[in-house]
Amino acid sequence: PLIKLMNPDFVFTICPITVEFYKKNRIKAAHLDFGYHESVHFPGKNYPEYKSSIAVVANAYPHILKKYPDHYRWKSLLTLIQPLLKENIKVDFYGRDWDKMDIYLGVNINKKHIHGHIPYTEANKVYSNAIITIGLQNYEHHVTQRTYEILGSGGFLLTSDTLGVRSLFVPNQDLIVSSSPEQTLKLVEFYLKHVSKSNKIREQALISVENHSYRHRAQYIIRVLEDNGFIG
């Protein structure tokens, strides 16, 4: 209803499926994904205060999980984070409301490992200084903004094995993916012992993510608007 009321000339949406919805309603549209800003998310120097074996930068959103029990984020949490906590593997959490997640995850998070909100411009220091950064996914077919930001910061990313991730990046080359709690434990155990192998993946990730900067997104926007006769 809001879109119909506004009657825009063109809509860019992060959801590829929605493009067809707009077109059926005679509104020109195109898919425009998230990205990362090169001046904000870049490999940081050594920051001892942010060094960790495994880090998560994300808000927990317990109220969302309670309201939408079938949300894909549930699967991501239970695949990537719950098995580590069950095995008492230390995970450092940055973001809001992780102190409210014990009841949802079925395991207590050590309060010493919950660091609360971190400024957006500081997050790259966490990504750069963690041996493994866990990136949760919210949907099967497209990726979160932090996926790009972690890779752009030189982070070694462990994320869910989704169609969206595989459509953009190559597992074991740009990042690593898991589809089960058991696989998560095996990957974490391996890469904590073989940091040199994870560093090679970090280096390749920086190359692979280059074309996903917001500079490239802006160029794409201009190109699409030119193709549709709005500018040029």
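Which residue forms a salt bridge with glutamate 38? Hi everyone, let's start there. The partner is arginine 215, with the closest N and O atoms 3.0 Å apart. By salt bridge I mean a side-chain nitrogen of Lys or Arg within 4 Å of a carboxyl oxygen of Asp or Glu.

A quick word on the source: this is a predicted model, where local features need pLDDT of at least 70 and side-chain atom pairs count only at pLDDT 80 or more, while totals for chains, interfaces and linings use all residues. Numbering runs from 1 along each chain as its sequence is written, and side-chain values use heavy atoms, leaving out hydrogens and water.

Back to our pair. Glutamate 38 sits in the loop between β2 (29–31) and β3 (52–57) and arginine 215 in helix α12 (residues 214–227), so the bridge ties together parts 177 residues apart in sequence. Helices (H or I, at least four residues) and strands (E, at least two) are DSSP runs, numbered from the N terminus. Glutamate 38 is partly exposed at 35% relative accessibility, and arginine 215 is partly exposed at 43%. Here buried means under 20% relative accessible area, exposed over 50%, and partly exposed in between, with a 1.4 Å probe and protein chains only.

The whole structure holds seven salt bridges. Among them, arginine 166 meets aspartate 161 at 2.6 Å, N to O. Another joins lysine 193 to glutamate 189, with 3.5 Å between the closest N and O atoms. Those two are four residues apart in helix α10 (residues 181–193), so about one helical turn separates them. Lysine 193 is exposed at 61%, whereas glutamate 189 is partly exposed at 47%. Thanks, everyone!
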